[in-house]
Every structure is written in C-alpha cells, then in structure tokens.
Amino acid sequence: MSKERKLKNRKAWRKGAVWLAGMMVVMTAGCQKNPDSSIVKNKDMDKLIEEAQNGGDNKTQVSELAKNYDTYQTTLNDEALKITVNVDAKVDIPQTQQMSVLRVRQKDIAQEFLDKAKTLLMQGETLYNGHVLSVRTRSQVEKEISATIEDGKKLAERYEGKDLKIYQEENQWAIDRLQKEYESAPQSIDWEAYLSDGILKKTASLDKDEYSWEREMNPDGEIFYGVSNAQNGNYLSLYAQNNKNYGNCLRYRISKHGYVHLNSVVVGNTNLDNILPNVWRADLTKEALAEAKKYGYEYAGEYEDEAATGTLDEARKKADELIADLGLTDFGFYHGDLYCEFQDFSAGGDELADDGWRYSKIYILQYMRQIDGAFVTNTGTSKHTEGWDNKTYVKKDWPIEGIEIRVNDEGIIGFDYIAPIEITETVVEQSGMKSFDEVKGIFEKMVLITNAQAEEKVTISVDRVVLGYSRISEADSFDTGLLVPVWDFMGTVTNEAYGEEEYRSVLTINAVDGSIIDRALGY
C-alpha cells in the first residue's frame, strides 16, 4: 500500500471513529436525566435577537461580566458516564466596552485583492498556468514505466493463484496506460505556452479536460492558479477560488524543493493544535514521528536548508507587516508557534524519495477577525449541508474564516486566507449577555453529558475560558450567519482507552441566551 493511501486511510478511519463516537454520545445522552432548565433547546433566532436587544441589567460593560473571576477552578466527576473534568482556567475577557450581534455572509476573493497578493508575494516572477505542473515529459513517464515493470516482476513473491493473476492484470493495465501517455508526452515543457494573464476566470469557461475536477466541483465559480518556472531555484505557487459550495480562499507557497499542493477545491478548516499527522508542534517531534511510524510511514528528517531559527516575535513582525500591506486591518494575531510540517508537493518535490518523506520547521501564525477587540474564534467546524435539490445531489461547506501565515528565516513562505466574510448588518448594537456566574452554572450541568464517550473513560482538563464571537447558522439560509458572543471552555480531552489527546472547545455556551452551541452543527 502506498504512503499516500495509508495517510488517506488513517484520516478516513479517524473521521469514522469521531463520527461513531459522536453517535454513541447522542445515544448515551438520550438515556440521561435532562437538566431542570431548558438549556438544550431549539434555536429560535428571532428569540435570540429579542434577548440580545432586551438584556436589561445584563447590558453592562463586557469587563464587568466576570469581574470576580480572573481564574475558575473546580472538579466534576460522573462515574456512570466515566468522565472527569478538572478545571484550572484563566478567564479571558476581551478589552472592549460592548459586544454585538452581527449578520455576515461569504465574501468573494476580489481581483484587486489577488493583484495585491501577487505584487507582495510572487517576487516579480512571471506566472504560468498552474496546470502546467500536470504535464509530464517523456523522460518522467519513462521512469514510471520502468518502476511499474519492476513492481510487476516482484508480484509473484507476494501473491499466488487468483490473487497473483488479478495483480498482474492490474500491473499490465498500468503499463499500457503509461505507454499511451508516453506516446503523446512532449520531450520538454513549453512554458511560454502556459503564460498566465493573472486574472480570475469563470470555471465554466475553462478547458473541459484540463479543468474537469474544478468544473465538476465549482461549476459556477472562479479560479486562478499561477506558478513560477522555478528557474531561480524557488518554486512559487498562488491559488485563489470563489466557490459558493466549498468555500472561497487565497493560498500562496514558496519552497526550494517543489510546488506545494494548493489547488484543493474543498477549502476546509484548520486547527493548529489538532492536525497530525501533517503538522505538529516542533517540541513534539519525537512523539509525532513515533506516532506516524505506527501507521506505516516514516519521515527521513528535516529540510535543513529551510530553517526557522528566529524567535516567535521576529516571525510575528514579518507576518504583521504582510497583514498591514494587504489591508487586512480587521485581523489580529490569535495563535502561533514553531511547528514541523510535512511538505506535500504537487510537482518537483522529493517527498517520495527512497529515504522517506521530509518536513520543514516553520512558524505558523494564525490571525482571526477582531470586532471591537473581541476575536471571532476558530474553534468551530465548517457549516455543512447536503441533500437532493430536484435531481441533483448538493453538498455545501462554509468553513470558519481565518488567516495562516508561514514564516522561516527567509521570510514569508506561506499565506492562506480562508473563507472571507463580510458584515452586512449590525442586528443588535450592544447585546445583553449572561454573566460568568450564570454561564459557569450551565457549564457544570452540561459539560459531563455532552463530552461522554459511551463506554470509554474520558478525562478533560480545562485551562482557558474565552469570551469571543462565534458564527452560528440562520434557519433556512446557508449563505448567511450571525456572529454572536459566546463563552468557550477550552481544554484537553483525553480518551484513556486509546491514549489520544485533543485540544478543543469542550463546551461552547451562547453568551446571549445561555444555550449550548453544537460546534459541529453551527448552532
């Protein structure tokens, strides 16, 4: 089995395991006694807005909501549910006088913003259509033919009988397909034939064969994909898309070793604390490599010619300058650290070399939108919906907005602007909100039942309580949402049976009405 297949299988297994655990929690929770008050309730947006408007005495300054709580400590335990929650948390209140309720929608990547990003990031390089990377020369195809023939010779060492025949037929089919590709492949790539004009293009207007995936997954949207020719030894890539079903984004990378894979139609979310096996904190390298080895793939070592030896503050200074130059003044530094990242190359890379995959040590810095000093947090997941629309099956994802900037000693080497939003309406200028005393009581009632995992023992350590904004879904509208104040209880969840740890929001409570927000559902 290839290393790519093992990686995909592991990700699929983990997703399946999370889904199954979630279903078990739902079934288990259904057997428990419900709390006395209606904390878990249907989300009525009109009622929510009414409560925000009529907060009465709770329309106090934000700083007063938790005035007696610099920290919060308690221990909760339920032997029947096999769950223990230890809380020793800093209570983090934004430095603002008020928080509001705001209506938002997805925002397109504009051509003007793409042009600005090209000027700041692409170092004056001539850009070519990124699909030139999928063009293979005869020598490249010839190498794969030789390798496939060698694989075929070894089949008899591993299989026999019917299985051997099946694999031999598959091997021959692969050789025939490669031979056909070889006959039409060019001796060398004519880069000038792929010169880019730098303009976002309507996907429907692009070549059906070359852009078949994009046309299928983004039929009504726009894309831009540009790369340098790497003649100076640097592989630069810039990708942008507007896709109402799978998210809008702009991504950039530069590497000395290959073109980093950027042109993924499904944007998805990021969470720097929980994205193994591709990224891990640099101080956890030993543990991460051991974990990767369990699943059949190994890292040969670090790309030492792409080092990050500076400090976090130095990296932040470079990232802050880029944020300012791009005009993204609504964003502030949210989280960042020194990480190791496996480099996933589209072309030109050597991640499949005989000595194994390699990783780069870099600073990854996350920037999130700030409103009156309060962050829109990234602890949620994509808003997801799918089903039949007449005779067409439609899937939609709306990721959480965020910016990630990658920095090493040479400067900015990566930039991701994911799922931009725009505020279309201030629904409530100054929202009434629950005090921390009220929210603390809700947390203590609900954290055990919402985090129980069937028969598995769970331990949770909460170290932060954060007041910020979260985007929640509006009824009957995929394209709009509300930003509302929420209390997030952040902590490490440990599954004692498997020894797996995950840092996340263990409970999100709507600061307006005290209801529980399901981060997976978005309300």
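Are K244 and D220 buried or exposed? Both are exposed, where exposed means over 50% relative accessible area, buried under 20% and partly exposed in between, with a 1.4 Å probe and protein chains only.

Hi everyone, a quick word on the model. It is predicted, so local features need pLDDT of at least 70 and side-chain atom pairs count only at pLDDT 80 or more, while totals for chains, interfaces and linings use all residues. Residues are numbered from 1 along each chain as its sequence is written, and side-chain values use heavy atoms, leaving out hydrogens and water.

Back to our pair. K244 and D220 form a salt bridge, 3.8 Å from N to O; the term means a side-chain nitrogen of Lys or Arg within 4 Å of a carboxyl oxygen of Asp or Glu. K244 lies in the loop between β7 and β8, and D220 in the loop between α7 and β6, 24 residues apart. Helices here are DSSP runs of H or I with at least four residues, strands are E runs of at least two, and both are numbered from the N terminus.

The whole structure holds 22 salt bridges. Another one joins K256 and E410 at 2.8 Å, N to O, and these two sit 154 residues apart in the chain. K256 counts as partly exposed because its relative accessibility is 33%, whereas E410 is exposed at 54%.

Now for a buried pair. D416 in strand β19 and R406 in strand β18 bridge with their closest N and O atoms 3.4 Å apart. D416 is buried at 7% relative accessible area, and R406 is buried at 6%. Both belong to one network of salt bridges with shared partners, along with R251, R253, E341 and E404. Thanks, all!
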